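This report goes through a structure model by region. The sequence and coordinates come first.

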Amino acid sequence: MKQRIITAVAAAAVFLPIVIFGGWPFIAMVYLIASIALYEALKMRKLKLFSVSGIISLLLLWIFMIPEQYQGIFDSLSYAKSELFLLGVLLFLTYTVITKNRFTFEDVAFSILSVLYVGLGFFFFIETREASLTYVFYSLFMIWATDSGAYFIGRAFGKNKLWPEISPNKTTEGFFGGVLSALIVAVLFSVFADMEVSAILLIAATAFLSVFGQIGDLVESAMKRHYNVKDSGNILPGHGGMLDRFDSLLFVWPLIHLFHLL
């Protein structure tokens, strides 16, 4: 527990000031975190980041994550982001032939899905920061409250397993405790912060976001269980890897935009 607290404080001391500052330092930090998360995802399937297929994955991730404000880059190249992404898919498929199926069709599918899984969430992290710092802090506090509420209420009152085949320690009581904790955060933000939606809409959306945040956690748990991995990485002592820390937020940040909260 002491190691977890030290790591959390140290990480927050680096992470939060850069988030607040924004701009290129923030984008560079998100690109770095996303690159590490992609490395962790590929490693689960024993695919190397520093390989031909890994470099293609990394380049696709970086292209996919280019913020809307810099879309002019594609105009100057006379290509759309989707066209460059499709080119990457063709390179993947070509590589299966070059390697004589040592890099398989299944590896192509996993690599592409990993890019989308990681890239979608972190792209919308950048877009959320560009639109509103308030919503970045809302998303962070909402997920932290969900995780903490699920943990403490689950430990105190949990009797019914939520999804033992995927995550044996999670309970139904903890699940609803997490949602309740997130709703408290929504009420506080609606009262004290300058949110762009009504309190009723924010509270309703928060319930869905908290649920999907916990689903995001379960998705990564299912992935780790399938590949027989305990943690996605060990870059954060006591916390695991980047995917372990951002799995819930990878679902929440895109949904903030899909729910038109901004």
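## Basis

This is a predicted model, in which local features need pLDDT of at least 70 and side-chain atom pairs count only at pLDDT 80 or more, while totals for chains, interfaces and linings use all residues. Residues are numbered from 1 along each chain as its sequence is written, and side-chain values use heavy atoms, with hydrogens and water left out.

The largest nonpolar core has 71 residues. Such a core is a set of buried Ala, Val, Leu, Ile, Met, Phe, Trp, Tyr and Cys residues joined through side-chain atoms within 4.5 Å; buried means under 20% relative accessible area, exposed over 50%, and partly exposed in between (1.4 Å probe, protein chains only). Met 65, Phe 122, Phe 125, Tyr 138 and Trp 253 touch the most other members. Helix α2 supplies the largest share of this core, 13 residues. Met 65 is in contact (heavy atoms within 4.5 Å) with Val 30, Tyr 31, Ala 34, Gly 119, Phe 122, Phe 123 and Ile 126, leaving aside neighbours within four places in sequence.

Helices are DSSP runs of H or I with at least four residues, numbered from the N terminus. Lys 46, which follows α2, has a positive phi near 65 degrees.

## Helix α11

Helix α11 (residues 249-258) has seven of its ten residues buried, so it is largely enclosed by the rest of the structure. The buried residues are Leu 249, Leu 250, Val 252, Trp 253, Pro 254, Leu 255 and Ile 256. Their cover includes α6 (105-131), α7 (133-157), α9 and α10 (242-246).

Val 252 counts as buried because its relative accessibility is 0%. Beyond neighbours within four places in sequence, Val 252 is in contact with Ser 139, Met 142, Ile 143, Leu 209 and Gly 213. Val 252 and Leu 140 are 112 residues apart in sequence, with a C-alpha to C-alpha separation of 9.5 Å. Just after α11, His 260 takes a positive phi of about 55 degrees.

## Surface patch

Leu 180, Ile 184, Val 187, Leu 188, Val 191, Phe 192 and Ile 203 form a nonpolar surface patch with about 680 Å² of accessible area together. Accessible areas come from the Shrake-Rupley method with a 1.4 Å probe, and for residues only the protein chains shown count as cover.

Helix α8 (residues 172-192) gives the most to the patch, with six residues. Ile 203 is in helix α9 (residues 199-226), and Ile 203 counts as partly exposed because its relative accessibility is 31%.

Technical notes: Patches are made of residues with over 30% relative accessible area and no salt bridge: like charges are joined within 9 Å, nonpolar side chains (Val, Leu, Ile, Met, Phe, Trp, Tyr) within 5 Å. A salt bridge is a side-chain nitrogen of Lys or Arg within 4 Å of a carboxyl oxygen of Asp or Glu. Helices (H or I, at least four residues) and strands (E, at least two) are DSSP runs, numbered from the N terminus.
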